[in-house]
Amino acid sequence: DETIRVEVKDGVYSPAKIEVSANKPITIEFMRTDSASCSEIIVFESLGIHEKLPLNQTYPIKLGTLAPGTYPFTCQMNMYAGELIVR
């Protein structure tokens, strides 16, 4: 398993670009310290994931094993943006 931690703070995802290998299950742990309402929801549109992120808590999202490709993720208003690159 590959676990990546992403911080949601000051209007950005950090890191905003994540690279992982295709042959292992992926979990992304989001830590939201940004109180802006825009940062509440994480959306992986291409994977059908819309999750509410609690404030000041780690929130894991298990993505399983993904095919190679680029999977963008955003907030519900598309103001915060990142991408998961599977190789």
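Trainee: In this predicted model, how far apart do the centres of the positive and negative side chains of the protein lie?

Mentor: The protein carries 8 positive side chains and 11 negative ones.

Trainee: What is the radius of gyration of the protein, and how does it stand against the globule rule?

Mentor: The secondary structure comes to nine strands and zero helices. For 87 residues the globule rule gives 12 Å, and the protein lies close to that value, so it is as compact as a globular protein of that length. The radius of gyration of the protein is 12 Å.

Trainee: Which kind of aromatic pair do Phe 30 and Phe 44 form?

Mentor: The structure holds six aromatic pairs, and in the one formed by Phe 30 and Phe 44 the ring centres lie 6.4 Å apart with 65° between the planes. Planes over 60 degrees apart count as edge-to-face, and the pair of Phe 30 and Phe 44 is therefore edge-to-face.

Trainee: Which strands does that pair link?

Mentor: Phe 30 and Phe 44 are 14 residues apart, and their pair links distant parts of the chain. Phe 30 belongs to residues 26-32, which form strand β4, while Phe 44 belongs to residues 41-44, which form strand β5.

Trainee: Is Phe 44 buried or exposed?

Mentor: A residue counts as buried under 20% relative accessible area, and Phe 30, its ring partner, is buried at 1%. Phe 44 has a relative accessible area of 0%, so Phe 44 is buried.

Key. Residues are numbered from 1 along each chain as its sequence is written. This is a predicted model: local features need pLDDT of at least 70, side-chain atom pairs count only at pLDDT 80 or more; totals for chains, interfaces and linings use all residues. Side-chain values use heavy atoms; hydrogens and water are left out. Rings of Phe, Tyr and Trp (its six-membered ring) pair if their centres lie within 6.5 Å; planes under 30 degrees apart count as stacked, over 60 as edge-to-face and the rest as tilted. Helices (H or I, at least four residues) and strands (E, at least two) are DSSP runs, numbered from the N terminus. Buried means under 20% relative accessible area, exposed over 50%, partly exposed in between (1.4 Å probe, protein chains only). The radius of gyration is taken over C-alpha atoms; the globule rule is 2.2 Å times the number of residues to the power 0.38. Lys and Arg count as positive and Asp and Glu as negative; His and the chain ends are not counted. The place of a charge is taken as NZ of Lys, CZ of Arg, CG of Asp or CD of Glu.
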